[in-house]
Amino acid sequence: MNLQFDSEHVMLRDSAEKLLASRFDFRAFQKLIDGEPGWTPELWTIFAELGWLGLPFAEEDGGSGGGATEISILMEAFGKYLVVEPYLATVVLGGGLIAALGSATERKALLEPVIAGRSRLAFAHDDADAPTTAVRRAGGYAITGAKKVVLGAPMAETLLVSARLDGTVGVFVVPSDAPGVIVRPYRMVNGERAADVDLTGVTLPARALLGGNEDAGSAIELVIHRAIAALSADAIGAIATMVRATVDYAKTRVQFGQPLASFQALQHRLVAMKVKEEEARASSRLATLALDGPPDRRLRAIAGAKAKIGRCARAVHQEAIQLHGAIGTTNELSLGAYAKRLVAYEIKFGTTREHLARYGAMIARPELAAEGLLSAAG
Amino acid sequence: MNLQFDSEHVMLRDSAEKLLASRFDFRAFQKLIDGEPGWTPELWTIFAELGWLGLPFAEEDGGSGGGATEISILMEAFGKYLVVEPYLATVVLGGGLIAALGSATERKALLEPVIAGRSRLAFAHDDADAPTTAVRRAGGYAITGAKKVVLGAPMAETLLVSARLDGTVGVFVVPSDAPGVIVRPYRMVNGERAADVDLTGVTLPARALLGGNEDAGSAIELVIHRAIAALSADAIGAIATMVRATVDYAKTRVQFGQPLASFQALQHRLVAMKVKEEEARASSRLATLALDGPPDRRLRAIAGAKAKIGRCARAVHQEAIQLHGAIGTTNELSLGAYAKRLVAYEIKFGTTREHLARYGAMIARPELAAEGLLSAAG
Amino acid sequence: MDLSLSAEDIAFRDEVRRFLASNVPDAMRRAHDLTTSFLDDPAISIHFHRALDRRGWSVPHWPVEHGGTAWTPVQHYIFDVECGRAGAPVYNSSGSHFVGPVIMHYGTAEQKAKYLPRIRSGEDHWAQGYSEPGSGSDLASLKTRADSDGDDYIVNGQKIWTTHAHKSNRIFALVRTSREGKRQAGITFLLMDLDRPGITVRPIIGNGGDHEFNEVFFDNVRTPKSGRVGEENHGWEIAKYLLEFERGGSVIAGRVRAQFAKLVRMVGARCPGDPGVLARMAEIGTDLDAMEMLGLTVLSELQTGGHPGPISSLLKLRWSEIRQSICELALDAIGDDALRWIGERPLYENLQLPQEDEETLAVTLRYLNSRAYTIMGGTSEIQTNILAKTLVGL
Amino acid sequence: MDLSLSAEDIAFRDEVRRFLASNVPDAMRRAHDLTTSFLDDPAISIHFHRALDRRGWSVPHWPVEHGGTAWTPVQHYIFDVECGRAGAPVYNSSGSHFVGPVIMHYGTAEQKAKYLPRIRSGEDHWAQGYSEPGSGSDLASLKTRADSDGDDYIVNGQKIWTTHAHKSNRIFALVRTSREGKRQAGITFLLMDLDRPGITVRPIIGNGGDHEFNEVFFDNVRTPKSGRVGEENHGWEIAKYLLEFERGGSVIAGRVRAQFAKLVRMVGARCPGDPGVLARMAEIGTDLDAMEMLGLTVLSELQTGGHPGPISSLLKLRWSEIRQSICELALDAIGDDALRWIGERPLYENLQLPQEDEETLAVTLRYLNSRAYTIMGGTSEIQTNILAKTLVGL
């Protein structure tokens with residue numbers, strides 16, 4: 001058992017802090033998300049130069065073999081500095097699927113441009129209604145369906161589309177400009193971009209099925225769990241920033257001749273916020289470290305973290321606004337942008353309530369409820 | 001619309017206050033509930049002399065024709081002074097059933113000794129498991145079943161037993177010492193006495209069926225609603241007492257050189273308690289006044305009040321103890337007795353959660369959700 | 001005691017319903033339903049205001065001689081419930097509820113003659129110039145100064161959180177006319193036209209994208225002393241008089257109930273089987289019932305000439321929380337549709353979708369806007385401090 | 001980073017499990033399960049304490065020379081988890097965790113020789129004489145006085161909330177030996193035998209019917225100065241040193257998890273289909289996971305010689321709340337069975353029912369007892385005040 005950063009973790013955290021802090025400008029952020037394309041290609045190039053786009057990939061695939069902890073360090077910084085570039089969509093989801101399912105050749109071919117920052121990926125998974133299906137054709141497949149909330153799709157050259165094959169599910173590599181693909185982009189509450197994607201009889205060659213794998217269900221689940229853990233770290237960055245901003249505001253804002261921070265009723269509420277930050281951070285750490293553990297512990301940790309952090313995020317963003325008073329309800333401060341980022345966190349990849357129900361179903365098994373967090377299996 | 005006490009209400013409240021305040025002694029209360037019989041027959045006689053035991057009954061039945069508001073005034077005083085005598089069981093439930101279902105003769109015969117204080121009633125309604133059934137026999141019935149949580153049964157000479165007759169339900173008048181009746185008394189968390197009642201082939205004459213009424217279902221529901229409204233007023237008495245006690249304690253208890261009441265964090269929590277008292281009181285009033293309204297509004301008001309007051313009761317008793325500190329967790333003060341009274345309130349006649357679900361089912365109908373509290377029907 | 005409406009009350013209710021049926025057209029109702037800010041757009045509400053004025057109902061709580069009705073408290077309650085049920089627009093009450101009563105109580109004959117009719121008719125839109133960047137909850141610390149210059153004041157300073165200043169033609173403000181003695185002692189209550197040279201209005205955009213609030217800058221603004229209400233340096237008393245109205249607000253049970261009924265419909269359509277949402281919805285319903293009952297208790301006292309007392313702070317505190325909880329649960333009810341952001345305003349002009357989809361798109365924006373309910377008009381913390389004294393007696 | 005147990009850890013865990021399997025008989029486990037107060041009855045726990053002593057595990061956190069183990073923080077954690085899982089009794093830690101470390105740190109050679117072995121063996125039971133009727137959270141205001149008389153002190157005054165004083169033979173107390181200077185400056189840390197003439201113990205019965213606490217009256221009690229720890233009037237420093245232990249407490253994740261697992265079984269048996277209870281149970285589970293993770297983070301720092309810092313107050317604050325929430329949800333899970341009251345104590349002697357029925361009868365009593373968790377050992381309000389300074393930096 002070891003829960004402390006090593007020197008490389010610290011280096012990564014510091015370099016991310018250094019880059020993003022120096023570039024952070026809330027007015028520029030507002031312009032960015034209010035306009036098009038809604039992200040900064042130049043920043044993406046810097047991500048590539050720093051090796052962040054290859055962070056989790058194996059060295060033989062051109063990556064640096066980083067793990068979930070390294071990803072969580074970057075994501076927390078992204079949450080802290082309101083990064084809206086499609087890192088989660090491209091590296092964690094898209095790249096994660098390719099790394100998990102792709103053949104050596106596919107990994108080489110598909111990851112190289114991603115790592116170099118030349119192309120972006122998006123994972124089209126959630127069906128708007130009826131399941132998306134892939135029908136076998138002479139020499140390939142035809143895919144039909146409607147996907148919703150495809151993160152990063154507007155800026156992705158390549159879509160990874162999950163589709164039913166008979167009983168199982170496969171992941172298909174689909175150019176976003178392929179005939180029959182319609183990408184309907186929109187802006188999300190936190191400023192990020194997503195899209196609904198319609199696929200109508202999209203014809204694909206046989207090699208479009210990633211890894212030729214017709215049963216990618218468990219790989220998809222694991223990648224989504226990795227995305228939830230990563231996104232949770234992002235939420236921690238936002239939560240911690242809101243707590244710090246509120247504490248600083250309370251120390252400087254003077255009413256009735258004293259700083260707000262001198263009023264005991266507010267002190268106790270600031271403590272409650274900070275406690276939630278600490279608990280949320282611990283849950284996020286748990287989720288990150290459970291990714292490489294046994295599946296049932298992993299599901300318990302992921303669902304539990306999403307539920308717990310979602311609850312903390314709700315309470316923290318509401319209290320932060322309330323304790324700031326009127327100014328906290330406006331775009332004058334960045335506070336609201338963090339609140340909206342946390343609102344989006346609560347909804348992505350299943351709401352707080354949905355994950356709470358999943359977690360509840362797990363721990364309804366007393367033997368699992370009785371299990372501590374440390375386990376034999378690494 | 002009129003929501004103010006008239007002079008008779010005020011007189012009733014004052015006389016109840018006068019009697020009960022003068023007799024209240026917490027040490028004596030503890031002895032009373034720790035010993036047998038667990039109630040004070042002498043006090044019961046005084047209730048009779050004051051006319052309280054006949055309060056809700058028609059004048060031709062020897063009562064004084066009081067309504068739900070009068071009952072709620074008495075019950076609030078009972079909650080305030082920890083009265084454990086079986087008023088609810090005898091007058092509201094038992095007497096209420098007789099008044100609603102009984103023939104003129106039965107009302108005369110059964111209510112007279114109740115109003116005079118000579119005998120007590122209990123309503124055996126909740127089935128422990130399988131429904132209690134009444135089988136027709138030559139010249140009468142045989143009743144078999146197991147009833148649970150029969151309030152006031154240990155001190156009741158007469159049981160009113162609900163039992164299935166084919167598809168419908170009837171209420172039977174059963175002497176508690178009738179052959180085949182076993183009363184298993186126990187003490188409840190709030191000090192009151194209840195019993196489980198087993199009925200094994202209890203043979204009854206035909207006239208034992210109250211009012212000869214074979215379809216008493218709606219009468220039973222109304223009487224239970226009256227009991228819930230009355231019990232809610234009792235809860236208000238306990239809630240208000242806990243709030244007052246906590247405010248007084250905070251004003252007098254000195255720590256760090258100042259009274260607790262001077263700490264803003266505690267002030268805000270005291271306000272939250274007082275606000276809950278006000279809301280609970282309003283819900284109780286609503287439930288009381290809805291008893292004579294249309295059935296769906298009545299159900300909504302009763303279920304809503306039980307849910308709302310239950311939630312307030314939980315929060316208030318917990319905060320009252322917490323703000324008192326260690327002394328609040330002990331029998332040294334009466335505070336704990338009120339907490340236990342409120343715990344019992346939350347459970348009797350359906351838990352807070354059960355009533356919340358009932359209320360939810362009602363207001364899930366948008367037309368009902370949209371309806372204000374004032375209505376044409378009286 | 002009873003909760004029943006008299007025959008006269010019922011007749012009145014039906015009269016109100018008939019009026020609303022013919023004066024709240026579908027387009028107006030849709031605009032109201034798609035408004036995510038606290039107040040409706042005057043471009044919409046003015047038509048309703050004028051209809052009310054024609055009917056003599058635009059300032060029902062005013063004395064009859066000023067164009068008010070002689071309604072009983074219960075009639076006011078019925079009117080409010082029916083307006084909510086009909087989805088009638090909510091218009092800025094700074095004129096009818098705040099400065100109007102102040103002018104009636106403290107104003108000169110000239111001021112009454114000049115301003116009251118234009119409030120009643122909806123011709124004037126008033127903004128409230130109270131808060132300043134450094135003076136929020138601690139209002140008495142305000143710094144905007146008005147220096148005497150003959151028959152005029154020269155006003156310099158800055159106000160903030162002035163609701164709809166960008167859609168108003170007049171403003172009533174608290175200004176400092178003296179720096180001597182207690183902070184409260186040097187404050188004057190002043191009426192001004194917003195088109196005066198030297199006045200600049202800067203928008204403040206809310207987290208939900210709504211433009212409700214503004215900063216108003218005063219740079220050597222010359223305004224006649226005839227706009228002063230009451231004596232110089234006696235404005236604080238007037239401010240407190242006005243705050244009573246702001247805190248108590250009108251009986252808003254009807255509005256909240258209408259909002260709640262919309263939530264019930266939305267939940268029924270979007271997640272009818274979600275036990276968590278249903279349980280929370282029921283809790284909110286019981287809160288609403290309790291608060292409506294408390295409001296009716298106040299009404300009953302008013303009917304017999306009683307005084308609401310500290311309850312008004314309690315009503316502000318809890319009604320704002322209940323409205324927030326309704327907006328919050330709606331957010332929880334619509335799943336990942338809540339992720340979508342619509343930047344353009346007003347929604348009623350920028351959307352053309354089926355009604356249910358339109359209302360879904362408004363949910364997140366309204367949730368974000370609703371966080372201001374417990375802050376504007378006296379924060380919950382201030383209400384709680386007041387209640388500690390008045391209700392709990394600490 | 002990882003959450004995995006090493007091979008040595010696993011071997012140790014299995015060793016602990018074997019020990020517990022043979023030293024926690026069913027009757028002992030049942031007594032523990034039916035104990036509604038915080039601590040088990042010494043009549044039960046003493047047998048477990050002696051078994052631990054025989055094994056050399058009764059004071060595992062002590063230095064080896066005093067009979068402690070050289071366990072790693074993770075081994076302590078494992079031991080705690082396994083004790084919880086096995087339903088081992090919880091015994092009064094006033095000796096092993098409070099006065100023991102104090103004597104080791106501040107005591108004389110004689111005091112160490114006299115007291116430490118008897119704590120280790122379970123021969124001595126210690127009570128804590130800190131709080132007084134007028135001095136709860138504000139400890140420094142204590143009034144119980146010890147006046148010098150040759151080689152003795154004469155002690156007069158009153159202590160309150162002395163856990164298990166009625167089952168202890170010794171008491172460590174803070175007494176006032178001077179009324180000069182700062183309140184803190186006149187306090188002395190004193191060890192006494194409870195069988196001294198002039199000492200009276202009066203029981204205080206909790207709302208749940210448990211007898212955990214007592215008042216202890218000192219009426220001209222003569223006790224030797226040899227019982228004084230540290231210098232006269234220097235007791236406050238010792239008290240603060242000790243409070244660190246009280247607040248941090250031992251790692252109790254294992255105990256709470258065992259309690260939670262019992263709740264899960266009870267809910268599964270009593271209301272498996274109740275969505276409200278299931279959702280709340282899940283929330284508590286996620287709280288528990290987060291706190292266990294926080295505790296492990298502290299362990300990880302301790303392993304590398306770090307210091308937990310302000311987290312100890314956070315742990316006390318949240319663990320006590322989580323334990324309460326478990327007791328509270330159990331109350332909600334059993335419906336009207338929660339109405340039944342059992343006056344007789346101890347339950348394990350007065351009940352003879354099927355296991356499930358016995359545990360049901362304990363629920364309401366335990367709920368009532370649990371309200372003290374956030375008060376005893378430093379109220380949540382005091383922890384929050386501390387956290388405002390240490391964690392938030394206000």
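Predicted model: local features only at pLDDT ≥ 70, side-chain atom pairs only at ≥ 80, totals over all residues.
Me: Start with chain A. How many helices and strands?
Reply: Chain A has twelve helices and nine strands.

Me: And what are its dimensions along the principal axes?
Reply: The C-alpha trace of chain A spans about 80 × 50 × 40 Å.

Me: What radius of gyration does that chain have, against the globule value?
Reply: Chain A has 21 Å, and a compact globule of 378 residues would be near 21 Å, so the two agree.

Me: How much of chain A is buried?
Reply: Buried residues come to 57% of the 378 in chain A. On contacts, 73% of those with a separation of 6 or more in chain A are between residues 24 or more positions apart.

Me: What's between the two strands?
Reply: Five residues separate E6(A) and E7(A) in the hairpin, and Gly191(A) has a positive phi near 95°.

Me: Why say the copies meet through the same surface?
Reply: Because 100% of the interface residues of chain A are also interface residues in chain B.

Me: Now B and C. How many residues in that contact?
Reply: The contact takes 43 residues from chain C and 38 residues from chain B.

Me: Which elements of chain C are involved?
Reply: Those giving two or more residues are helices H4 (73-86), H8 (253-270), H9 (275-303), H10 (311-333) and H13 (380-390) of chain C. H9(C) gives the most, with 16 residues.

Me: And by class, what is on that side?
Reply: The side of chain C that touches chain B has 25 nonpolar, nine polar and nine charged residues.

Me: Stay on chain C. What does its secondary structure come to?
Reply: Chain C has 13 helices and eight strands. Its C-alpha trace spans about 70 × 50 × 50 Å along the principal axes.

Me: What about its radius of gyration and burial?
Reply: Chain C has a radius of gyration of 21 Å, which agrees with the value near 21 Å for a compact globule of 394 residues. Of those 394 residues in chain C, 50% are buried.

Me: What domains does chain C have?
Reply: The domain assignment gives domain 1 (7-93), domain 2 (126-235) and domain 3 (250-390).

Me: How far apart are domains 2 and 3, and how many residues does each put into their contact?
Reply: The C-alpha centres of domain 2 and domain 3 of chain C lie 31 Å apart. Their contact takes eight residues from domain 2 of chain C and ten residues from domain 3 of chain C. On the domain 2 side, one residue is nonpolar, six are polar and one is charged.

Definitions and conventions. Residues numbered from 1 in each chain as written. Chains lettered and ligands numbered in written order. Helix = DSSP H or I, 4+ residues; strand = E, 2+ residues; numbered from the N terminus. Rg over C-alpha atoms; globule rule 2.2 N^0.38 Å. Buried ≥ 20, exposed ≤ 12 C-beta atoms within 10 Å, placed from the backbone. Contact = placed C-beta atoms within 7 Å. Nonpolar A, V, L, I, M, F, W, Y, C, P; charged D, E, K, R; others polar. Pairing = 2+ DSSP bridges. Domains from an automatic or database assignment.
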